[in-house]
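Me: I'd like to go through this one and ask what stands behind each label. Here it is.

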Amino acid sequence: MNDVLYEVRGATRTFRRGDTTVTALDNVDLTIGASEIVAVVGPSGSGKTTLLQLLGALDRPTSGHVFFEGRDLATLGDRELARLRLNDFGFVFQTFNLIPTLTALENVEAKLAPTGMAKEDLSRRAAALLEEVGLSERAQHLPSQLSGGEQQRVAIARALATEPRVVLADEPTGNLDSRTGADVVDLLTALSEERRQTVVLVTHDAEIAAKAHRSLPMQDGRLLEPVPA
Amino acid sequence: MVSCGRVFYFRYLRSELLRRRTRTILTLAGLALGVALVIAIVGLSRGLDKAQRSALDPLSTIGTDLTVTRSAQQEGAGFGPGGGGGQLLDANQSAVTDLSKLGKPGTHFVHDFFLPGTQLTFPTKQTKQIASLPGVAAVSNGLVLSAVHQEGVVPKIVAKVKTGGQQLDVFRRIKPPTAAEFAQMQACLQKAGVGGAGTQPNGQPQQGFGARAGGGPLDSAAARKCLPARMRAFRARITTPEQTLKQIVDPPQTNITSSSYTIGGVDPSKPDIALVTPSQVSRGRYLSHAGGNEALVAATYAKRHSLKVGSKLDLNGTTFTIVGFVKPPLGGQSADVYIPLRKLQSLASEKGLANVVLVRAKSSAEVASVQKEIEKTLGSGAQVASAKQVASSISGSLVDAANLSHDLGFALAVIAAAAAFLLAALLTLSSVGKRVREIGTLKALGWSQRLVVRQILGECLATGVVGGLVGVALGALAALAIGALGPSLSASSTSGGGGAFGLGEVLSRTATTSVSLSAPVGISLLLLGFGLALAGGLIAGGAGALRAARLRPADALRQVE
């Protein structure tokens with residue numbers, strides 16, 4: 001294992017649903033190294049997505065700590081978290097989450113725009129990324145004109161646009177058929193390995209999980225015995 | 001840092017507006033409607049104010065400060081001869097009695113009756129009294145009459161009534177017999193062998209004729225013969241002489257139709273201060289100075305009766321040529337038809353009489369003192385009205401509309417503005433509400449809160465500007481349409497209460513004027529509407545965006561679209 005990228009200590013996340021409190025994540029301890037490809041597996045409701053959102057600074061734990069490169073995310077303000085998400089994290093969602101009114105190219109540009117990149121660089125870089133995911137010809141298409149697999153490839157290009165340290169993928173194959181899903185995950189892992197990026201992949205598909213270096217099985221918000229890959 | 005990259009944000013903004021066309025059009029339409037509504041309502045309200053000012057500013061345009069009239073309601077101490085209501089009643093009833101003089105029954109007739117209405121007439125000589133008061137600059141006489149135009153078949157209004165022939169019984173008390181008569185009676189009775197004892201020679205008979213006296217009972221038949229002749233024939237039968245009376249039968253059953261209008265006698269030698277002035281002529285010309293058989297008619301009356309300049313008016317055999325239309329202001333002594341004063345005086349058999357004196361003060365500051373002076377001089381029977389008092393008697397749709405615009409116009413404008421503002425806000429809020437997930441995605445991509453809010457605000461600004469501009473155009477068009485279609489509002493002024501003499505409406509004179517409505521729209525109003533839409537959109541957009549952008553991205557992403 002290389003340098004430690006993430007260190008999660010006693011992370012608990014509870015949600016209030018009416019009168020009852022639901023514990024989505026229950027006292028999780030976890031360490032993830034740089035350039036590691038990790039699969040978080042488990043049935044739905046086991047807390048996989050919650051864990052991923054804590055790692056991506058999309059949410060804060062109710063108690064416990066998430067350290068990213070030694071920095072406690074809880075101590076960072078909204079602006080610093082935004083910068084972190086922009087430069088160090090890349091997200092891939094189950095529902096793709098492309099901006100429906102923007103073309104494939106513009107969706108990638110949307111990730112690059114806050115970096116303040118010049119317009120020409122922006123378009124060139126976005127076009128290059130689309131080429132990498134094999135969608136050069138579909139650059140001017142709107143998400144509604146793309147298939148699920150194509151949309152997810154645009155999302156991968158978008159996630160990789162700022163050369164982040166980590167790619168966080170939440171059920172990236174959930175809305176795809178198994179063949180397309182496998183292709184998408186292969187593409188993601190291949191591109192990330194090239195860039196020596198860390199990938200945290202949430203899935204309930206054992207085949208997909210097998211493509212990771214390591215699987216982290218979860219149940220009822222708890223991390224089970226880690227299984228070395 | 002971001003100067004060059006900004007181009008992306010504009011493209012994003014444009015894409016968002018153009019590719020969500022239905023939502024954008026809906027938002028724009030709502031905004032435009034709200035803005036147009038504010039502009040149209042405020043414009044309309046202003047238009048009503050303007051119309052009211054121009055139509056209801058009575059007398060100010062005709063150089064008259066005060067009008068002096070004499071009303072029947074205040075009898076007695078008036079000025080001029082005659083005593084109030086009785087005289088007026090007689091004058092107004094002449095319309096009924098004159099029917100018999102129209103012609104032979106069964107023939108067609110056209111006749112105009114001129115009635116003084118509720119304003120008593122007085123000799124024009126009295127005007128000089130007013131003219132000599134301090135502060136009075138000019139005076140003029142006017143005669144305003146209610147005219148009843150009747151047309152139809154002369155009714156058979158004569159009936160034969162036979163009277164007399166009755167028998168009357170008359171009873172009279174007869175004087176007692178004198179001493180001479182008494183002596184004669186006694187002699188007569190003695191001769192008849194009845195006897196006359198117990199009586200005094202020259203006094204009342206103590207026991208009457210039926211009293212027993214000396215010898216034998218009284219023979220009544222014999223005694224009656226002895227009465228003096230006048231006492232024998234005190235009963236009389238009177239038979240009244242027979243005669244035939246001609247009497248008016250009321251009401252005449254015929255096809256007579258009557259319509260009423262008001263007619264004013266104008267002194268054409270004093271056009272500046274007359275009942276109508278040359279400045280009120282809207283078409284044609286004013287009456288000639290000499291005062292021939294010329295007439296002016298109110299424009300509204302002319303329209304109602306399809307009269308033209310040059311049309312002839314026949315008033316009881318005298319033909320008048322309409323030389324012009326006038327638009328008299330309301331509230332004064334206005335009428336439907338104006339002819340020279342002398343002509344009206346002779347037509348209406350009111351020679352040398354007037355019922356209005358128009359007074360102009362030397363300066364506006366003296367109006368009040370002149371009014372008091374006239375009231376003092378003429379006594380309580382005179383009614384001196386200033387232009388201001390006259391204005392308060394005006395009623396009609398224009399006044400109602402203007403009052404409405406005063407009372408409700410402001411409220412309506414506020415409501416419309418609030419509606420436009422709320423509409424803008426709600427449309428924007430709903431539009432932002434549907435994009436919470438997109439905002440969550442943008443935050444996950446690393447967009448800062450400021451960037452997200454700026455983007456949404458940019459969209460709101462764009463829709464606000466476009467929607468506001470469309471609304472401004474629509475509002476201006478609506479105002480133009482109102483001006484072009486020009487819904488006509490009328491205002492009328494009624495003087496005199498007719499009910500007093502039973503002739504009702506005929507006696508109360510009503511003057512009507514109409515003003516076509518416009519909705520003036522100024523730059524400030526357009527800016528107001530525009531600003532409201534923009535403010536509504538920006539405030540709501542900003543609030544909605546801020547709320548969504550403040551959510552934890554995880555929460556925003558969980559939102560279902």
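Me: What makes the two chains count as touching, and how many residues does each give?
Reply: The contact takes 26 residues from chain B and 25 residues from chain A, where two residues are in contact if their C-beta atoms, placed from the backbone, lie within 7 Å. Bear in mind that this is a predicted model, where local features need pLDDT of at least 70 and side-chain atom pairs count only at pLDDT 80 or more, while totals for chains, interfaces and linings use all residues. Residues are numbered from 1 along each chain as its sequence is written, and chains are lettered from A and ligands numbered from 1 in the order in which they are written.

Me: Which elements of chain B supply at least two residues each to the side that touches chain A?
Reply: Those are α1 (6-19), α13 (436-444), α14 (449-485) and α16 (553-558) of chain B. α1(B) gives the most, with eight residues. The names come from DSSP runs numbered from the N terminus: helices are H or I with at least four residues, strands are E with at least two.

Me: How do the residues on that side of chain B divide by type?
Reply: Into 13 nonpolar, six polar and seven charged. Nonpolar takes in Ala, Val, Leu, Ile, Met, Phe, Trp, Tyr, Cys and Pro; charged means Asp, Glu, Lys and Arg; the others, Gly among them, are polar.

Me: Which residues of α10(B) are called buried, and why are they said to be on the same side?
Reply: Val370(B), Gln371(B), Ile374(B) and Leu378(B) are the buried ones; that takes 20 or more other C-beta atoms within 10 Å of a residue's own, with 12 or fewer making it exposed and anything in between partly exposed, the C-beta atoms being placed from the backbone. They cover an arc of only 105° around the axis, which puts them on the same side of α10(B); the arc is that of the directions from the helix axis to the C-beta atoms. The face turned away from that buried side carries the exposed Lys372(B) and Lys376(B).

Me: What do the buried residues of α10(B) pack against, and what follows the helix?
Reply: They pack against β1 (66-70), α4 (126-131), β4 (136-153), β16 (356-361) and β17 (382-386) of chain B. After α10(B) comes Gly379(B), with a positive phi near 85°.

Me: Why is β8(A) described as largely enclosed?
Reply: Six of its six residues are buried, so β8(A) is largely enclosed by the rest of the structure. Thr198(A), Val200(A) and Val202(A) point one way, while Val199(A), Leu201(A) and Thr203(A) point the other.

Me: How do you know that β8(A) pairs with β3(A) and β7(A)?
Reply: Two strands pair if DSSP finds at least two bridges between them. Five bridges join β3(A) to β8(A), running parallel, and β7(A) and β8(A) also have five bridges in the parallel sense. So both pairs meet the definition. Val38(A) has Val200(A) as its bridge partner in β8(A), and Ala169(A) has Leu201(A).

Me: Why are β2(A) and β5(A) called edge strands?
Reply: The open sheet has four strands in the order β2-β1-β4-β5 (chain A), with antiparallel pairing. β2 (20-33) and β5 (71-72) each have a single partner strand, so one side of each is left without a neighbour in the sheet. β4(A), residues 63-68, pairs with β5(A) over two bridges, and in β5(A) the bridge partner of Phe67(A) is Asp72(A).

Me: What makes something a nonpolar core, and which residues have the most contacts inside the largest one?
Reply: A core is a set of buried Ala, Val, Leu, Ile, Met, Phe, Trp, Tyr and Cys residues joined through C-beta atoms within 7 Å. The largest has 92 residues, and Val38(A), Val40(A), Val200(A) and Leu201(A) have the most contacts inside it. α5(A) gives the most to this core, with six residues. Apart from it lies another core, of 54 residues, among them Phe113(B) and Val266(B).
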